[in-house]
Amino acid sequence: MTPPVKIGMISMAHGHAHAYMEALLAMPQADIAGIAHPSRDEVADVLARTGIPYYADYRELLQTDIDAVVICSENALHARHTIDAAMAGKHILCEKPLGIEVGEMTRMIDACREGGVQLMTAFPCRYLTAAEEARQAILRGEIGEILAFKGTNRGTFPGSWFADSARSGGGALLDHSVHVLDLLHWMMPGAAVREVYAYAANRFQPEHEIDDAGMLHVTFDNGACGVIDTSWSRPRTFPTWGDVTLEIVGSAGVLSLDAFAQHNEVYSDAAGKGAYAYWGDGMDELMVRAFVDAVRSGRPVPITGADGLHAARAALAGYDSVRSGQPVRLA
Amino acid sequence: MKIAIVGCGGMGHIHAAAYARMTHVRIVGVCDVDPIRAAELGERIGAPSYTDYGQLLAAEAPELVSLTVPSHLHLAYIEQTAAHGAHIVCEKPLALTVADAEAALAVCAKHGVRLFVGHVVRFFPDYAGLKHAVDGGRIGTPGVAHLRRVGGYPERQWFAEEAKSGGVITDLMIHDIDYARWTLGPVRSVYCLRRTAAGLDYALATLVFASGAVANLESHWGYPGSFRTAAEFAGDGGVVRLDSAASAALHMRKTPPKRTDACARTGEGPAPAAADAAPAPAAAEIPRSPLRKSPYARELEHFVDCLRLGGAPLVTATDALQALRVAEAAHQSARTGRAVYLSSEEGERL
């Protein structure tokens, strides 16, 4: 048997870090060798519960014999953390968006190639079982040629550093467009985004300056075009955190994906509101396992840095469109 | 009040049925260029039928005329009706172009007749209720809205001709354009993507409002499912949404006539052997959202009341004209690939 993959967590700043960590802890094929996070207090509970060694400086963690890292730092730090990890010879699973600028994402991809390590972008939505079935149906040609689409990835306001564009690189338009963009990219192999038109504004959290309302129109070079609502628009009283939906109009049919429709409805006086209890397959576990399997076997990671760049580039071009008020063509 | 109905297709029947149940009105004649269609509706409601509108106007002297003819004919019939001095209920869209809509308003003003336009969505209780919630501050300040209207491709041939119907934007999305303007105010810009194919007309339009709010409107002819509408408005204090599929209070699901493999269909037994797996007729499923008074009846009753009692209608001819400005901008955007900006009054392009 191959020994477990030794993994370091670089930053727990993004909430998804906790889901990935739990998935890794549950996997015999992986060991978490350390957690690097600038503030020990912020991860004290996790350290106490898991006994995982703590590193104040991620560079010390990179000097150990770990095989791979999971990077869940603030978006603006992804590039530095990824490039340093690549130079240290560690494989990388990086939280989305891959970066906040096209040039730095290219440097991240180059650094990983030069370092001989794999770079995977964390797009867990590819591991939604319904999304996988949708993709298979599309690839079998069941709805014909893809003509148009409408998607949503709405959520609740994440607060914290997400509201600080210096650390996040952007608000809802960046944070919540890349998942659906990647699903589309994945479902239409070979197609690339040709043009975007976007709306972004602050409509829900007036005490913050970040864009929390977003509408991103996308046209692919195969002609398929559509729109994604990226808004952090779910109120506190909403029964769930948000959604991922995608309706695809084909020449021979329509396919509607509602990723978290597999839920029970729970009405609890104690909670003060109704809530959805999701019971579908866990996408985070499946994605983390795919990363670990790729590192163990030496096979290519299923979602690449180029995939991350493709999605983030379209989202970032959306901000150019917001500034100009007109569609923007991607180079 | 003496009523005439011009155009005895689907909408003509809906108007006739609504007037027939109303007090204060009497249908004095129906008209269609197709004598069979005219006679059919005339017999159904017990009114004389005509194939020549001029003859109907001269013989029956209607006070109010419902125009339920194909959209490209609206202006000509409005002109003829206004010259006769009768008030008008015109089905939406008021016209296919802003210029024709302006001409329609002008000719009605010139002859001193009132022009009502059938933007019936304002009379749907779910949509009216949603606006009431927004106006009442239930969701705080509105930020992001979605309006959806999807259904089969229209069966009547003239809908497929862009020059007659205006396509999915001018014929179908116009409902949600009017509703969005009613709820969120004047539109500042329009960006629209449209895909068409045989039996399919699909459009997505993002409207940015003078308030700074945004709405995305989705309209689909050729949707392979039941006709369905939905709306969602999210604000900084909440979300309100409606979905016709979720509020269908009545479903009739008829057992297919031949059903030899019942246990396989319940999912409990083994799959039928290939030999007896002859395709069973698909079960028909018809969702219904019944109301004592249909939205069309509410609308027409309101228009009749506006004439009888005076007063401004819930939706004005100017509203219909403004909706067409937005529709025209959507067409222009879909054609050019550019966002189209309207002045704050939506009066003219910048």
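Predicted model: local features only at pLDDT ≥ 70, side-chain atom pairs only at ≥ 80, totals over all residues.
The crossing of H1(B) past H10(B) is right-handed. On the H1(B) side, the residues that make the contact are Met11(B), Ile14(B), His15(B), Ala18(B) and Tyr19(B). They meet Tyr296(B), Ala297(B), Leu300(B) and Val304(B) in H10(B). Sorted by class, that contact has 8 nonpolar residues, 1 polar and no charged ones.

Now to chain A. Here helix H1 covers residues 16-25 and helix H10 covers residues 283-297. Their axes come within 9 Å and cross at roughly 65°. H1(A) also passes H10(A) in a right-handed crossing. From H1(A), the residues involved are Ala19(A), Tyr20(A), Ala23(A) and Leu24(A). Facing them in H10(A) are Asp284(A), Glu285(A), Met287(A), Val288(A) and Val292(A). This contact divides into 7 nonpolar residues, no polar ones and 2 charged.

Next, the place where the two chains meet. How many residues does each chain bring to the contact? Chain A gives 38 and chain B gives 37. The area buried between them is about 2900 Å², and carbon and sulfur atoms give 58% of that.

On the polar side, 14 residue pairs are in polar contact between chain A and chain B, counting pairs with both residues at pLDDT 80 or more. Which parts of chain A touch chain B? Strands S7 (146-152), S8 (193-201), S9 (213-220), S10 (225-229), S11 (245-250) and S12 (253-258) of chain A each supply at least two residues of that side. By class, the side of chain A that touches chain B has 20 nonpolar, 10 polar and 8 charged residues.

Last, the salt bridges. Over all chains the structure holds 30, and 3 are found across the interface of chain A and chain B. One salt bridge is between Glu247(A) and Arg148(B), with the closest N and O atoms 2.4 Å apart. Another joins Glu232(B) to Arg154(A), and there the closest N and O atoms are 3.3 Å apart. This second pair crosses between chains: Glu232(B) is in strand S11 of chain B, residues 228-235. Arg154(A) is in the loop between S7 and helix H7 (165-168) of chain A.

Definitions and conventions: Residues numbered from 1 in each chain as written. Chains lettered and ligands numbered in written order. Heavy atoms only, no water. Axes fitted to C-alpha atoms, helices over the stretch in contact; angles between N-to-C directions. Helix = DSSP H or I, 4+ residues; strand = E, 2+ residues; numbered from the N terminus. Left-handed = near helix turned anticlockwise from the far one by under 90°. Contact = heavy atoms within 4.5 Å. Nonpolar A, V, L, I, M, F, W, Y, C, P; charged D, E, K, R; others polar. Buried area = accessible area lost by both parts, 1.4 Å probe. Salt bridge = Lys/Arg side-chain N within 4 Å of Asp/Glu carboxyl O. Polar contact = N/O pair within 3.5 Å; in protein donor to acceptor, adjacent residues only side chain to side chain.
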